[in-house]
Amino acid sequence: MDMKQLAEDVIAGNRRALARAITLVESGRDDHRAQAIELMDMIGKSGRQALRIGLSGTPGVGKSTFIESFGMMLIKEGLKVAVLAVDPSSSRSGGSILGDKTRMELLSREKNAFIRPSPAKSELGGVARRTREAVGLCEAAGYDLILIETVGVGQSETVVSEMSDLFLLLLAPAGGDELQGVKRGIMEMADLILVNKADGDLKSAAQRTCADYAGALRLIRKRPQDPKDFPKAMTVSAIEDRGLREAWEEMNTLTDWRRVHGFFDKRRSEQAEYWFGQDIRHGLLSQLEKEPLKSMIAELAHQVAQGEITPGHAAADVLKALQQG
Ligand SMILES: Nc1nc2c(ncn2[C@@H]2O[C@H](COP(=O)(O)OP(=O)(O)O)[C@@H](O)[C@H]2O)c(=O)[nH]1
Ligand SMILES: [Mg+2]
């Protein structure tokens, strides 16, 4: 494959080239990885910048419905929208979170929308790296907005927030004291909390939930990257298309403020450093799963279990072999 040609086609906005490029960065093969690195070098020169929005929420809160309505609204404004996902569970559950394209029926038919399910069969670190590169590819391909969806499982919110400019937390109306259900760490990541399903019978519950979260947000330590009144909680109805425009306005207000005050670029620099560190760790760990270290480790593990060698000594031997390459 000619990487220069592929990069040019991606930057020209060719969807099939974009899909092929994403497949390449998702590949676990060593020769593909070398090509992907070459491709990403060229892609970075497009100079384009999209707004990257992370979206998290537990299954059933309405993420897919929200993406459909919100995405369609943006498309009608003339924007190009890409939707990606980080779903480390997709290999286990068999279906990706974006498998339900039926909930994004309109969006998936739009020529200015690009929807890509989560890469399958990998641990979170691997999925994350590939999605981060897919974000870069979509950006170079001229998408104005990239939505990165994730379900609330363990570390995946952190990973998505490390590749996003804005992080949205989608919640459902709660009865009573469900507030504790959202981990503090995740609340602290959110730039905007959207309480969905503020319609019909659920409307007043949604408003109460929203007020509760607004109160909780005020108790969270002030972050330097926020202007006054942020982070915010708002109600929306993805089904009835309510509050989406207001939410979009808030996102723009926040983004503009961060750009003017240097926080937007600062965050992207920090994220680049973060992924540099992650890729080194990931690369080192994957060495341990390859020969000759893999067999060496299996053999030493056996000896450790038998009490023939101490764990510390065995580990030192492995690290020495790693260094000697
Ligand atoms: N009443 C109401 N129901 C909604 C809304 N958004 C989503 N739903 C419903 O919630 C369920 C889960 O929605 P879905 O988008 O698949 O959630 P996801 O699992 O987070 O992607 C579906 O039955 C939707 O029709 C909304 O704004 N109002
Ligand atoms: Mg969904």
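Here are a few worked exercises on this predicted model.

**Exercise 1. Work out how enclosed strand E5 (residues 166-171) is, and which way its side chains point.**

Step 1: Take one side of the strand. Leu166, Leu168 and Leu170 point one way from E5.

Step 2: Six of the six residues of E5 are buried, so the strand is largely enclosed by the rest of the structure.

**Exercise 2. Trace the strand pairings from E1 through to E7 by way of E5 and E6.**

Step 1: Start with E1 (residues 51-56), which pairs with E5 in the parallel sense over four bridges. Here Gly54 has Phe167 of E5 as its bridge partner.

Step 2: Move on to E6. E5 and E6 are also parallel, with four bridges, and Leu170 sits opposite Leu194 in E6.

Step 3: Finish at E7. Strand E6 (residues 192-195) pairs with E7 in the parallel sense, again over four bridges, and Leu194 stands opposite Met234 in E7.

Step 4: Now check the faces of E7 (residues 232-235). Ala233 and Thr235 make up its covered face, while Lys232 and Met234 are on the uncovered one.

**Exercise 3. Find out what builds the largest nonpolar core, then look around Ile146.**

Step 1: The core has 68 residues, and Val10, Leu137, Cys138, Ile146, Ile148 and Leu168 have the most contacts inside it.

Step 2: Ask who contributes. Helix H7 (residues 124-140) gives the largest share, seven residues. Domain 1 (1-46) and domain 2 (48-261) each supply at least three.

Step 3: Zoom in on Ile146. Setting aside neighbours within four places in sequence, Ile146 is in contact with Ala50, Arg52, Ile53, Ala82, Leu84, Val135, Cys138 and Glu139.

**Exercise 4. Describe the shell of residues around ligand 1.**

Step 1: Pick out the nearest ones. Of the 18 residues around ligand 1, Gly62, Lys63, Ser64, Thr65 and Ile239 come nearest.

Step 2: Sort the shell by type. You get five nonpolar, eight polar and five charged residues.

**Exercise 5. Is His282 buried, exposed or partly exposed?**

Step 1: Locate the residue. His282 is in helix H12 (residues 263-288).

Step 2: Count and compare. There are 15 other C-beta atoms within 10 Å of His282; buried needs 20 or more, and exposed 12 or fewer. His282 is therefore partly exposed.

Step 3: The C-alpha atoms of His282 and Tyr143 are separated by 28 Å, with the two residues 139 apart along the chain.

How values were computed
Residues numbered from 1 in each chain as written. Chains lettered and ligands numbered in written order. Predicted model: local features only at pLDDT ≥ 70, side-chain atom pairs only at ≥ 80, totals over all residues. Core = buried A, V, L, I, M, F, W, Y, C linked by C-beta atoms within 7 Å. Helix = DSSP H or I, 4+ residues; strand = E, 2+ residues; numbered from the N terminus. Domains from an automatic or database assignment. Contact = placed C-beta atoms within 7 Å. Near = placed C-beta within 6 Å. Nonpolar A, V, L, I, M, F, W, Y, C, P; charged D, E, K, R; others polar. Pairing = 2+ DSSP bridges.
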